[in-house]
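Welcome! Take a look at the sequence and the model, then read on.

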Amino acid sequence: MASLHGILVALITPFTEDKTKIDEARLESHINHLIAAGTHGLVPGGSTGEFTTLCVKFAAGRVPVVAGTGSTSTAEAVELAVHAAQTGAAVVVVIPPFYDPVNLEQLTELFSEIHGASKLPIITGASGYLGGDILHALRGAHPEHALGVLVRDEAKAGTIATAYPEKSVEAIARGLSCRDRASPGFRDERAFDLRYSRGQICDLDGADVVRDIIHANASKRVVANFILNLTGPRTALVFSPIIYGRGRGAVKQRSVQIPELARVAIETGKTVQVGKGESTWSNVHITDVSDIFVKLVEKGVQSETGSLWNKDGLYFAGNTRLSFGQISQQVAKAAQSLGLVESDSVKQVDPEVANKLTSHRAVLWETNAQQNSQRARELLGWQLRGKVLEEEIPATVRDEAGRLGK
Ligand SMILES: NC(=O)c1ccc[n+]([C@@H]2O[C@H](COP(=O)([O-])OP(=O)(O)OC[C@H]3O[C@@H](n4cnc5c(N)ncnc54)[C@H](OP(=O)(O)O)[C@@H]3O)[C@@H](O)[C@H]2O)c1
């Protein structure tokens, strides 16, 4: 929440000579004059609001803009509040409906709806490994924020609601009937295309390359393209490489690549690698990925601008790198020391065999995806705290054995 203090000026609204349009030039110079004189915040149009967008644009992040978005109609109040939030207003002022007085209960309902539509951070995917961990991290870092969790399954909504009994986490089961839709609007996003790029891309000085890859693969990178092309709300895209470590989410704690290698080793008695095992992905501990999201939420809530968002908001989450051959060796060693396999040797298999061993297909173990993650470090003050992959592998193998009842 932006800090509001000092003098907040309810602005006059200058109109053109013929009184048909807002006089943008005069408005801008009025705002510049007020800010130069030390005004701490702007309240365009007082409590009923008129032109939040222009005012936010001219204030340009120098002072918070308080948008009046009250209306006698709930739908209009919600629409105005959403618009204000999307254009970058720091706060909305909602005057209770006039002419038709409401009681306290109705007023609470109205405010809840407006808050829900405009400001409530909504987390999707919280029934998954990554989204679940992000929810956990956000709750821990900011218990003061209300959070909405959108899931598509009543049972999972129940599990999340039980894990977070406090009122500030609201699990909403919506879109339940969409599961079988023939053509979903969006797909899961991952660092897919980056796998095929040669060498290592940096998300700070190589951001153009990342954008080009996303645009060139528009049919596959549906969500990334959609988000990259949005100009209204502040957006950010986080690209994660191999994520490891046990998630802290309420529903799912298991990742994919390393647990799958461990599962194959435990079930077949042999640890595998695809080909020579030279393919290499960057990797990152789950808690460190979630930390990027916490930091982005913090910056968003503080209405921070700069090159954090939209077309600049491309963040790599990769930390260190390890080849799949090295990873398989460590899985084999851990499995042997736990008595799950006889030998710590690693068997080379070709992609066809690997495809049969895991439903995720060999592509997870035989491609390259190397990231140089600088943006989050430089712009968000991101610091890595999670255990490195080598330290975490024995725990992952142990977890997998437990899951398989071994
Ligand atoms: N795990 C990794 O190592 C890793 C690494 C890099 C990138 N990623 C990417 O990060 C994202 C999350 O990964 P994850 O490991 O957390 O996956 P996950 O455990 O499978 O979780 C996926 C989440 O998305 C929800 N979901 C899936 N399809 C949906 C749809 N059509 N509509 C609404 N919700 C839907 C799932 O809901 P239900 O519970 O209802 O199914 C679940 O909450 C994915 O895009 C993945 O590719 C993951």
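## A first look

Strand β11 (residues 271-274) is covered on both faces: Thr271 and Gln273 on one side, and Val272 and Val274 on the other, are all buried. A residue is called buried if 20 or more other C-beta atoms lie within 10 Å of its own, exposed if 12 or fewer, and partly exposed in between, with C-beta atoms placed from the backbone. Helices (H or I, at least four residues) and strands (E, at least two) are DSSP runs, numbered from the N terminus.

This is a predicted model, in which local features need pLDDT of at least 70 and side-chain atom pairs count only at pLDDT 80 or more, while totals for chains, interfaces and linings use all residues. Residues are numbered from 1 along each chain as its sequence is written.

**The protein as a whole**

- The protein has 14 helices and 16 strands.
- Of its 406 residues, 36% are buried.
- Among contacts with a separation of 6 or more, 74% are between residues 24 or more positions apart; two residues are in contact if their C-beta atoms, placed from the backbone, lie within 7 Å.

**Strand β11 and its partner**

- β11 runs parallel to strand β15 (residues 346-349), and four bridges join the two; strands pair if DSSP finds at least two bridges between them.
- In this pairing, Val272 stands opposite Lys347 in β15.

**The nonpolar cores**

- The largest nonpolar core has 68 residues, and those with the most contacts inside it are Ala265, Ile292, Tyr315, Val331 and Ala335. Such a core is a set of buried Ala, Val, Leu, Ile, Met, Phe, Trp, Tyr and Cys residues joined through C-beta atoms within 7 Å.
- Val331 touches Leu261, Ala262, Ala265, Thr271, Ile393 and Val397, leaving out residues up to four places away in sequence.
- A second, separate core has 17 residues, including Leu27, Val56, Val63 and Ala67.

- All six of the six residues of strand β12 (residues 280-285) are buried, so the strand is largely enclosed by the rest of the structure.
- Both faces of β12 are covered, with Thr280, Ser282 and Val284 buried on one side and Trp281, Asn283 and His285 buried on the other.
- Strand β10 (residues 242-244) runs parallel to β12, joined by three bridges, and Tyr244 stands opposite His285 in β12.
- Strand β14 (residues 321-323) pairs with β12 in the antiparallel sense over three bridges, and here Thr280 stands opposite Ser323.
- Together the three strands form an open sheet in the order β10-β12-β14, with mixed pairing.
- β10 and β14 stand at the edges with a single partner strand each, so one side of each is left without a neighbour in the sheet.
- On average, neighbouring strands of this sheet are turned by 40° against each other, direction ignored. Axes are lines fitted to C-alpha atoms, for helices over the stretch in contact, and angles run from 0 to 180 degrees between N-to-C directions.
- Helix α14 (residues 389-403) packs on the sheet and touches β10, β12 and β14, its direction making about 60° with that of β10.
- Helix α10 (residues 286-301) lies across β10 and β12, running at about 70° to β12.

- Ala207, Val210 and Ile214 are the buried residues of helix α7 (residues 207-216).
- Seen down the axis of α7, these buried residues fall within an arc of 60°, so they line one face of the helix; the arc is that of the directions from the helix axis to the C-beta atoms.
- The exposed residues Asp208 and Ala216 sit on the face turned away from the buried side.
- The buried residues of α7 pack against β8 (200-202), α8 (222-229) and β13 (314-316).

**Two partly exposed residues**

- His30 is found in helix α1 (residues 24-36) and is partly exposed, with 18 other C-beta atoms within 10 Å.
- Leaving aside residues up to four places away in sequence, His30 touches Leu11, Ile12 and Pro14.
- Glu113 lies in helix α4 (residues 104-118) and counts as partly exposed, with 15 C-beta neighbours inside 10 Å.
- The C-alpha atoms of Glu113 and Ala75 are separated by 9.4 Å, although the two are 38 residues apart along the chain.
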